[in-house]
Amino acid sequence: MKLAQYHGPDGKRDNVRFVKGEDRSVLDQAWDRIYVATLFSFEWKKTGDAVDFAIAAAGGQTNKVFVGGIAASLMHEAYCAERKWRGVRFIRGLLDSPPAEALQLDEFSEELYSDDVNGEPIENLIPDYSILSQVSYEYPVNDAYFTYASRGCVRKCKFCGVPKLEGAQRDTESLSRIITTIEEKYGTKKDLILMDNNVVASHRFREITAEIRDLGFQAGASIVRNERSIQRRVDFNQGVDARILCKDPMYLDELATICIDPLRIAFDHWGLRKPYEQAIRFSADAGLHKLSNYMLYNFKDSPGDLYQRMRLNIDLNEALGIRIFSFPMRYQPVNLKDRSHIGPLWNRYFLRSLQLILQATHGVVSGAPNFFRRAFGESEDEFAELLMRPEHFIFNRDWYEELGGRAEFDSYQNEWRKLTKENKSELIGKLSSLVPSQYHSAKFRSPKLRSILKYYLPKSHAELRELWNERNRQRSAYDLVSEAIPRDELVEDAGLKEAV
Ligand code: SF4
């Protein structure tokens with residue numbers, strides 16, 4: 001959107017076209033420049049396809065293609081090393097220097113705008129909202145000012161790309177200029193989405209919250225849309241840092257003066273329990289009851305660690321009368337080209353099982369105690385047993401636990417109870433080394449394992465469809481459907497559909 005501002009009607013007055021995906025209608029026209037945005041590094045294959053498509057749209061002239069964004073920055077060498085992309089400009093980091101420099105434009109070959117050596121950095125431009133209407137997909141941020149009050153971070157967490165991408169914590173320019181300019185150009189937006197990595201670490205934190213209030217986002221703020229008054233909301237959508245929040249109730253008291261919704265606090269491992277819990281207690285004291293958090297897993301944690309963190313949220317919900325929703329996020333090293341990483345205390349089978357549980361809940365761990373206990377078990381041991389179940393028993397819980405599949409589930413459980421700890425670990429170890437379509441080839445010496453294997457064999461699509469139809473007919477009183485969470489509060493890509 002900032003690039004569109006640079007080239008668009010208030011900038012260079014070029015003809016700008018925005019496409020999402022491989023829109024073949026662009027192939028009929030000659031383009032001077034094509035920009036490709038990359039995001040997740042594990043989407044190497046898909047972003048590679050987008051780069052290939054851009055080269056095709058540029059008629060094979062790789063020097064017209066510019067690729068930037070997070071993956072292009074974190075995996076810069078890997079992108080540059082691809083021979084077929086020779087000539088493409090892969091941009092590392094932000095476009096925060098004058099355009100000709102940031103885009104590596106060559107004056108000798110008289111490239112378009114290579115003389116723009118003193119212009120405003122593209123990073124500082126106001127996003128052009130008008131391009132969003134060029135695609136049918138409705139971006140959740142369409143009705144939001146989205147910007148930053150600070151960049152970078154004071155920390156260097158090993159699992160995080162921010163230190164490499166953005167470096168040290170620093171302030172950005174005033175929010176007021178950005179928001180009033182967006183308002184003038186594109187009309188008033190309902191929400192304010194701030195993508196700061198660690199806003200509470202900013203020494204301007206109190207000035208930032210004061211500015212947010214002055215901009216019309218004080219606690220309880222509303223706006224009139226279609227003759228109806230609707231609540232505005234502020235979302236620091238990358239989360240805020242419990243290790244700072246826990247030091248002084250001032251932080252939560254300040255955040256409670258703006259219409260923050262939800263308050264997202266990261267809870268990345270059990271070692272953060274004390275600061276996390278303190279931060280949540282301060283939030284409740286400040287009257288902030290709608291909370292959400294990101295929970296990293298598959299890093300150095302174990303399934304038990306994840307369970308305990310989810311469980312603590314339920315306990316806090318019950319004790320404080322608040323509602324915390326969690327979004328477990330599977331760790332992948334930021335330089336890996338796919339999602340194949342398996343943490344030292346996880347295995348492929350457990351990751352698959354958790355993914356199935358989360359698929360049923362749309363990636364959200366509900367804050368409702370009954371819902372949680374049913375989806376994740378009453379205890380760490382129950383959670384571990386759940387992760388070891390056959391896939392279709394996990395995905396169709398109510399069918400197997402309550403409805404027509406009960407007899408099959410009971411006989412599975414009878415056999416399961418007869419397994420020793422070693423048997424279970426051998427079974428899961430073997431299944432982890434295979435993809436489900438290969439489970440039938442697993443060889444075991446133990447007759448108990450040979451016998452229980454039948455429950456793990458994947459069912460055919462036709463069997464699953466029939467099961468699902470029958471399940472819908474017999475549908476029980478409860479269902480594993482999460483409470484409704486507005487779409488713009490969900491995590492856009494939790495990798496729930498990817499193969500593990
Ligand atoms: S505090 Fe958050 S943004 Fe900062 S390095 Fe750690 S995970 Fe990344």
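Select Trp-44 and show its neighbours: leaving out residues up to four places away in sequence, Trp-44 touches Lys-337 and Asp-338 (contact means C-beta atoms, placed from the backbone, within 7 Å). This is a predicted model, where local features need pLDDT of at least 70 and side-chain atom pairs count only at pLDDT 80 or more, while totals for chains, interfaces and linings use all residues. Numbering runs from 1 along each chain as its sequence is written.

Trp-44 belongs to helix 2 (residues 44-57); helices (H or I, at least four residues) and strands (E, at least two) are DSSP runs numbered from the N terminus.

Next, colour helix 12 (residues 303-320) and helix 15 (residues 380-387). Their axes come within 10 Å and cross at roughly 125°; axes are lines fitted to C-alpha atoms, for helices over the stretch in contact, and angles between N-to-C directions run from 0 to 180 degrees. The two helices are therefore oblique to each other (under 35 degrees is roughly parallel, over 145 roughly antiparallel, 65 to 115 roughly perpendicular, the rest oblique). To see where they meet, pick Pro-303, Gly-304, Tyr-307 and Gln-308 in helix 12, and Glu-380, Phe-383, Ala-384 and Leu-387 in helix 15.

Tyr-307, Met-310, Ile-314, Asn-317 and Glu-318 of helix 12 make the contact with Pro-369, Phe-372 and Phe-376 of helix 14.

Last stop: the open sheet of 3 strands, with order 4-7-10 and parallel pairing (strands pair if DSSP finds at least two bridges between them). Strand 4 (144-147) and strand 10 (234-236) are at the edges with a single partner strand each, so one side of each has no neighbour in the sheet. From one strand to the next, the twist averages 15°. Zoom in on strand 7 (residues 191-194), which pairs with strand 10 in the parallel sense over 3 bridges. Leu-192 is the one to click there, standing opposite Val-234 in strand 10.

Definitions and conventions:
Contact = placed C-beta atoms within 7 Å.
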